[in-house]
Amino acid sequence: KIYNNSPDNRILKQCIPNMISFEHASGTCFRKRSEMIAHLHADTGGRAKVLSAELLIDGVAVAATGKATFDRLDPVTREVATRAAAASVEDAIHAANVAARAFPVWSATPPTQRRACLNRSADLLLARTDDFVEAIISETGGTRGWAIFNCQLAANILREAAAMTTQLNGETIPSDKPGSFAMSTRQPCGVVLSMAPWNAPVILA
């Protein structure tokens, strides 16, 4: 009932007009999930599989400082769905610094190459939709439709960003000095460190 009145659910209903009611969707989701859980138990000797998520820094999966972790419980079964690295402030600063080392090369990359990279990211995201769906259902208790919507909208956002790589225009500004003009150009400003909320993990990341 709490989720049914949340802004996220209202947005979901707007974006997917033909979606059945949340109460019905929840029941369907639980029934499907009970079948999935039974299947996982059969394949893992009675224990549902747990997703292990480490930090990805400089293209390498690494543990958090002190090997700290936190568990995300499946809201339906109350079993551990994910065991993730619990990053410290120092870990976050290190990740940002590593990204900053790559920034000069990325900022100088030609627009068409950056566009190809972003479009490739969208392709890879859609290709692994089933993996994201399984994780979102297990971690948040969301419906399959909501999880698929996360992946599809996130891929569209990446494609919009890809299209903008050749649409960054400067401005010509009138100058007080006769016979001259001022011109501004857009340049990459640097690394951004952000944390995505749990309720729309792929879209907001």
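Q: Does Arg-78 count as buried or exposed?
A: Arg-78 counts as exposed, because its relative accessibility is 54%. Here, buried means under 20% relative accessible area, exposed means over 50%, and partly exposed lies in between (1.4 Å probe, protein chains only). The model is a predicted one: local features need pLDDT of at least 70, side-chain atom pairs count only at pLDDT 80 or more, and totals for chains, interfaces and linings use all residues. Residues are numbered from 1 along each chain as its sequence is written, and side-chain values use heavy atoms, with hydrogens and water left out.

Q: Where does Arg-78 lie?
A: Arg-78 belongs to the loop between strand 4 and strand 5. Strands (E, at least two residues) and helices (H or I, at least four) are DSSP runs, numbered from the N terminus. The phi of Arg-78 is near 65°, a positive value in a residue other than glycine.

Q: And what is the phi of Asp-58 near?
A: The phi of Asp-58 is near 60°, which is likewise a positive value in a residue other than glycine. Asp-58 sits in the loop between strand 2 (55–57) and strand 3 (60–62). With a relative accessible area of 59%, Asp-58 is exposed.

Q: How do strand 4 and strand 5 pair?
A: Strand 4 and strand 5 (residues 80–85) pair in the antiparallel sense, over 5 bridges. Two strands are said to pair if DSSP finds at least two bridges between them. Arg-72 stands opposite Thr-82 of strand 5.

Q: In what order do the strands form the open sheet?
A: The open sheet has 3 strands in the order 1-5-4, and its pairing is mixed. Strand 1 (51–53) and strand 4 (69–73) are the edge strands, each pairing on one side only. From one strand to the next, the twist averages 20°.

Q: Which helix lies across strand 1, strand 4 and strand 5?
A: Helix 5 (residues 129–140) does, and it runs at about 85° to strand 4. Axes are lines fitted to C-alpha atoms, for helices over the stretch in contact, and angles run from 0 to 180 degrees between N-to-C directions.

Q: How do the axes of helix 5 and helix 6 cross?
A: The two axes cross at roughly 130° and come within 9 Å. Helix 5 and helix 6 are therefore oblique to each other. Angles under 35 degrees count as roughly parallel, over 145 as roughly antiparallel, 65 to 115 as roughly perpendicular, and the rest as oblique. Among the residues making the contact are Phe-132 and Ile-136 of helix 5, together with Ala-147 and Cys-151 of helix 6. Contact means heavy atoms within 4.5 Å.

Q: At what angle do helix 4 and helix 6 pack?
A: Helix 4 (residues 111–127) and helix 6 pack at about 170°, with their axes 8 Å apart. They are therefore roughly antiparallel to each other. The contact includes Leu-118 and Leu-125 of helix 4, and Ala-155 and Leu-158 of helix 6.

Q: Where does Thr-165 lie?
A: Thr-165 lies in the loop between helix 6 (144–164) and strand 6 (171–174). Thr-165 counts as buried because its relative accessibility is 11%.

Q: Which backbone oxygen does the Thr-165 side chain reach at 2.8 Å?
A: That oxygen belongs to Ala-162. The side chain of Thr-165 also reaches the backbone oxygen of Pro-111, at 3.3 Å. A polar contact is a pair of N or O atoms within 3.5 Å; within protein, one must be able to donate a hydrogen and the other to accept it, and residues adjacent in sequence count only if both atoms are side-chain atoms. Leaving aside residues up to four places away in sequence, Thr-165 touches Pro-111, Arg-114, Arg-115 and Leu-118.

Q: How many bridges join strand 6 to strand 7?
A: There are 4 bridges between strand 6 and strand 7 (residues 181–184), which run antiparallel. Glu-171 has Ser-184 of strand 7 as its bridge partner. The hairpin of these strands has 6 residues between them, and Gly-179 takes a positive phi near 75° there.

Q: Where does Leu-204 lie?
A: Leu-204 lies in helix 7 (residues 201–204). Leu-204 is partly exposed, since its relative accessible area is 47%. Not counting residues up to four places away in sequence, Leu-204 touches Ala-196, Pro-197 and Asn-199.

Q: Finally, how many helices and strands are in the protein?
A: The protein has 7 helices and 7 strands. Of its 205 residues, 24% count as buried.
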